[in-house]
Amino acid sequence: MGASRIGSAVVAGRGVMRALRARGRRRQRQEEILLGLLRQLTLMTEEIHRANLIQQYRLTVEQMDQAIGDSSLASAGSTLTGLPEGKRRQMIFAHRQYGNLLLAYRVRACDWDELIGHVRVLCRNAVFAEYWDRTVEHRRSLPADSEEARVGAAVDIILEELADDPDEWWIVGPSGAPQP
């Protein structure tokens with residue numbers, strides 16, 4: 001085999017290596033683009049989920065507003081029995097306040113610490129404390145690992161600690177973020 005053939009083989013081999021490296025770089029770039037698209041798709045999916053939660057809550061609030069304004073609807077939409085009309089409306093409104101805080105946390109408009117701060121203030125309200133006590137059975141069917149169950153457990157702790165020492169309301173409740 002002559003020197004020109006060896007040189008040609010070396011040149012051809014280098015060309016093949018360059019082509020393989022270029023193909024590898026293209027493949028790596030394609031994988032990077034695909035991963036970026038997957039991240040964007042995940043973010044869009046989370047945003048759509050948050051938008052759906054907001055829309056569902058908007059519908060619920062409309063129903064609660066109707067129930068607050070019309071006693072026949074209030075009794076149709078409430079499982080709390082034996083309450084005078086005014087008290088039933090208060091319970092519906094307390095539920096609405098709690099639902100608003102829960103929604104804010106679920107759509108990440110506030111973090112855990114902010115939520116706990118708002119809940120501490122809400123728990124100082126006697127009407128809310130009564131609402132919470134009257135609806136304890138409603139929360140028993142929640143999956144223990146759900147966000148709503150974790151928030152509910154935090155409310156339970158806050159109300160219990162407030163009953164022991166209402167003067168230090170700003171420090172009651174769980175510390176740190178909940179375990180998922």
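This is a short tour of a predicted model, one selection at a time.

**Whole chain**

Start with the protein chain shown as a cartoon. The secondary structure comes to seven helices and zero strands, and from the N terminus on the elements run α-α-α-α-α-α-α. Now show the C-alpha atoms alone. Along the principal axes, they fill a box of roughly 105 × 40 × 25 Å. The radius of gyration of the chain is 29 Å, whereas a compact globule of 180 residues would have one near 16 Å.

Colour the chain by burial next. Of the 180 residues, 26% are buried. Contacts can be looked at as well: among those between residues at least 6 apart in sequence, 67% join residues at least 24 apart.

**The largest pocket**

Select Thr60, Met64, His95, Tyr131 and Glu148. Of the 29 residues that line the largest pocket, these five lie nearest its centre. Which elements give two or more residues to this lining? They are helix H1 (3-69), helix H2 (71-77), H3, H5 and helix H6 (136-139). The space in the largest pocket is about 740 Å³. Sorted by class, its lining has 15 nonpolar, eleven polar and three charged residues.

**Helix H7**

Select residues 147-164, which form helix H7. At 1.5 Å a residue, the 18 residues of H7 should span 26 Å, and the distance between its end C-alpha atoms is 26 Å, so the two agree.

Within H7, show the side chains of the buried residues. These are Glu147, Ala149, Arg150, Val151, Gly152, Ala154, Val155, Ile158, Leu159 and Leu162. What do the buried residues of H7 pack against? Display helix H3 (85-106), helix H4 (112-123) and helix H5 (126-134) beside them, for these are the packing partners.

**After H7**

Move on to proline 166, in the segment after H7. Proline 166 and methionine 91 are 75 residues apart along the chain, and their C-alpha atoms are separated by 22 Å.

**Stops in the loops**

Go to the loop between H2 and H3, where threonine 79 is placed. Is threonine 79 buried or exposed? Its relative accessible area is 58%, so threonine 79 is exposed, the cut-off being over 50%. Threonine 79 and valine 16 are 63 residues apart in sequence, and from C-alpha to C-alpha they are 76 Å apart in space.

The next stop is the loop between H3 and H4, which holds arginine 108. Look at the backbone here: arginine 108 has a positive phi of about 65°, although this residue is not a glycine.

Finish in the loop between H4 and H5, at asparagine 125. With a relative accessible area of 35%, asparagine 125 is partly exposed.

Terms used
Residues are numbered from 1 along each chain as its sequence is written. This is a predicted model: local features need pLDDT of at least 70, side-chain atom pairs count only at pLDDT 80 or more; totals for chains, interfaces and linings use all residues. Side-chain values use heavy atoms; hydrogens and water are left out. Helices (H or I, at least four residues) and strands (E, at least two) are DSSP runs, numbered from the N terminus. The expected span of a helix is 1.5 Å times one less than its number of residues. Buried means under 20% relative accessible area, exposed over 50%, partly exposed in between (1.4 Å probe, protein chains only). Contact means heavy atoms within 4.5 Å. On a 1 Å grid over the protein atoms alone, a cavity is a set of points where a 1.4 Å probe fits but cannot get out, and a pocket is an open set with protein on both sides within 12 Å along at least five of seven lines; lining residues have an atom within 4 Å of a point. Grid points are joined across faces, edges and corners, and a volume is the space filled by probe spheres set on the points. Ala, Val, Leu, Ile, Met, Phe, Trp, Tyr, Cys and Pro count as nonpolar, Asp, Glu, Lys and Arg as charged, and the others, Gly among them, as polar. The radius of gyration is taken over C-alpha atoms; the globule rule is 2.2 Å times the number of residues to the power 0.38.
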